[in-house]
Amino acid sequence: MGTLLVKNAALLVTMDAHRREIPDGGLFARNGVIETVGASQVLPASADEVIDARGQIVIPGLINTHHHMYQTLTRVLRPAQDCELFEWLRVLYPIWARITPEMIFVSTQTAMAELLLSGCTTTSDHLYLFPNGVRLDDSLEAAQQMGMRFHAARGAMSVGESQGGLPPDSVVEKEAHILNDTQRLIERWHDPRPYALQRVVVAPCSPFSVSHQLMRDSAQLARLHHVSLHTHLAENDSDITYTREKFSCTPAQYAEQLEWLGPDVWHAHCVKLDAAGIDLFARTGTSIAHCPGSNMRLASGIAPVRQLRDAGVNVSMAVDGSASNDSGHMLGEVRLAMLAQRVAYGPAALGAREALELATLAGAKALNRGDIGALAPGMAADMVTVPLNEIGMTGAQHDALAALVFCHVPRVQHNIVNGRVLVRDGQLTGIDLPKLIERHNKLAHQLVHE
């Protein structure tokens, strides 16, 4: 990988322990790891790769902690445009049942391209549908080509409609197969080392699509192999009603019964987490992936991020699936998070700097990583630069960091992952984007209309 020098930034935002914002800042990295951060004049004079960030703000790469990348194939389908969560799922499950391995591969690359261009360097993806020979390997192989830092969550659904679950029986799997395949994926793909580009997560889909026993067995498997756990929880009122009727408890109590709490666990949504649940998550170090765009689109509600953070719960950022958000713009999602909290809790509920922290440090913590989320010596060289001379940022140079969140950023100037430049001057370096989009749109039409 060699050496990397980023210099002359109008502002470099470290998100380190001191939350430094360095004018005329830069950094030097070697073999994908940062060695020096500071004013440009104290950095080495040269490197194998030099980025002149003059007129740009440099921030740590953003971390997306919940996604369903295959859903880029089914954006804004008319029958699902005005549905709440359960109805939305019932409309889309039969369509998703036709997904092929090629569709998973191409949709993964499409979703990653969108994330990269919007400031994301690390992403998780929760794939829980495996029809027609689909394997999580299809996503992992696509991610390898893209170069993103990737946490691939092996999802699963095992309780179909005939057993009282929400998904049709045609898209559920046998639990023994789920567990065996998850172990295979961990052994084949999971890299536990610092600065790893690919890790595997154990991730049964939700309380309304898997059994009590699979949740318990999955937790045991994950802890045996020291990998993280992820699922959906307390997303909307129907979710709460289902858990109470089926399990006679709240979603947080159910998670506690299943041993799905702790620093190795993060749950998506938690819009309807009650006060006792908030306290439980805080005491156990359990994280939450906040998905404001999806929650608003499906009218699930506004997660109580202010209360969660005040209680000590780690809240990270996520775009969620592209058929419920219909967007995968990471900086845009940070903006939505800030604005939604202000609608619900007042104009000072969430500031720009704290919102950006959700997408950096909090994201790293949710994924159980100490090597990403900040620009400091010893951290991975993951960062993005944003030009300050674009139309959407005009008049905002007096607080460039706040402008990233308050204003609209169409795309980043550079995106660097592990010291490797994946976006240069606003263009992806390793892939022909128009060709990818053309291929993706053909597959989307095939999936929906044929």
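This is a predicted model: local features need pLDDT of at least 70, side-chain atom pairs count only at pLDDT 80 or more; totals for chains, interfaces and linings use all residues.
Numbering runs from 1 along each chain as its sequence is written, and side-chain values use heavy atoms, with hydrogens and water left out.

Okay, back to S287. It sits in strand β12, residues 287-290; strands here are DSSP runs of E, at least two residues, and helices are runs of H or I, at least four, numbered from the N terminus. Is S287 buried or exposed? Its relative accessibility is 1%, so S287 counts as buried, where buried means under 20% relative accessible area, exposed over 50%, and partly exposed in between, with a 1.4 Å probe and protein chains only. Setting aside neighbours within four places in sequence, S287 is in contact with V265, W266, H267, F281, N314, K365 and A366. Contact means heavy atoms within 4.5 Å.

Now, over to the helices. Helix α3, residues 136-146, is mostly covered, with 8 of its 11 residues buried. Among those buried residues are L136, L140 and M146. What does the covering? The list includes α2, β7, β8, α4, β9 and β16. Just after α3 comes G147, with a positive phi of about 90°.

So how do α3 and α4 meet? Their axes, which are lines fitted to C-alpha atoms over the stretch in contact, come within 11 Å and cross at roughly 20°. That makes α3 roughly parallel to α4, a label for angles under 35 degrees. On the α3 side we have L136, D137, L140, E141 and Q144, meeting R184, L185 and W189 in α4.

Last one: α4, residues 175-189, also packs with α5, residues 212-225, at an angle of about 20°, with axes 11 Å apart. These two are therefore roughly parallel as well. Residues making this contact include I178, L179 and I186 of α4, and L214 and L221 of α5.

Technical notes. Axes are lines fitted to C-alpha atoms, for helices over the stretch in contact, and angles run from 0 to 180 degrees between N-to-C directions. Angles under 35 degrees count as roughly parallel, over 145 as roughly antiparallel, 65 to 115 as roughly perpendicular and the rest as oblique.
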